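Welcome! Please take a moment with the sequence and the model shown here before reading on.

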Amino acid sequence: MPALLLLSAVVVIGFERFVEWRYGAPGSIGLLLLCIGAKAKSPACASVGATVLTLAVIAPAAMP
């Protein structure tokens with residue numbers, strides 16, 4: 001059981017670092033708001049987080 005918890009923590013932290021590296025601070029903030037909204041069962045917070053994360057992903061492609 002502790003090995004599974006450790007592995008899941010490593011995967012989550014690795015994914016968070018990837019998002020921070022690839023999409024910067026807006027990506028981290030969007031991911032944080034999305035996680036908080038899902039954990040607190042707050043659709044408004046989760047929607048804002050998903051929107052921020054989506055804009056962070058789409059913004060580089062939208063620039064000519």
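The report below goes from the overall form to individual side chains.

This is a predicted model, in which local features need pLDDT of at least 70 and side-chain atom pairs count only at pLDDT 80 or more, while totals for chains, interfaces and linings use all residues. Residues are numbered from 1 along each chain as its sequence is written, and side-chain values use heavy atoms, with hydrogens and water left out.

**Overall form**

The protein chain holds two helices and zero strands. Helices (H or I, at least four residues) and strands (E, at least two) are DSSP runs, numbered from the N terminus. Helix α1 covers residues 2-40, and helix α2 covers residues 43-62. Along its principal axes, the C-alpha trace of the protein chain spans about 50 × 25 × 15 Å. The radius of gyration is 14 Å, whereas a compact globule of 64 residues would have one near 11 Å. That quantity is taken over C-alpha atoms, and the globule rule is 2.2 Å times the number of residues to the power 0.38.

**Surface**

Of the 64 residues, 16% count as buried. Buried means under 20% relative accessible area, exposed means over 50%, and partly exposed lies in between (1.4 Å probe, protein chains only). The protein chain exposes about 4900 Å², and carbon and sulfur atoms supply 78% of this area. Accessible areas come from the Shrake-Rupley method with a 1.4 Å probe; for residues, only the protein chains shown count as cover.

M1, L4, L5, L7 and V11 make a nonpolar surface patch of about 580 Å². Patches are made of residues with over 30% relative accessible area and no salt bridge; like charges are joined within 9 Å, and nonpolar side chains (Val, Leu, Ile, Met, Phe, Trp, Tyr) within 5 Å. One of the patch members, L4, is found in helix α1.

| Residue | Relative accessible area | Class |
|---|---|---|
| L4 | 57% | exposed |
| R17 | 52% | exposed |
| F18 | 41% | partly exposed |
| E20 | 36% | partly exposed |
| W21 | 66% | exposed |
| C35 | 46% | partly exposed |
| V48 | 45% | partly exposed |

**Side chains that meet**

Which side chains meet in a salt bridge? The side chains of R17 and E20 do, at 3.7 Å from N to O. The count comes to one salt bridge, defined as a side-chain nitrogen of Lys or Arg within 4 Å of a carboxyl oxygen of Asp or Glu. R17 and E20 are three residues apart in helix α1, so about one helical turn separates them. Side chains of opposite charge can pair when their charged atoms come close.

A search of the whole structure also finds one aromatic pair. The ring centres of F18 and W21 are 6.0 Å apart and their planes lie at 45°, so this pair is tilted. Rings of Phe, Tyr and Trp (its six-membered ring) pair if their centres lie within 6.5 Å; planes under 30 degrees apart count as stacked, over 60 as edge-to-face and the rest as tilted. F18 and W21 are likewise three residues apart in helix α1, separated by about one helical turn.

Finally, V48 is found in helix α2. V48 and V12 are 36 residues apart in sequence and 21 Å apart in space, C-alpha to C-alpha.
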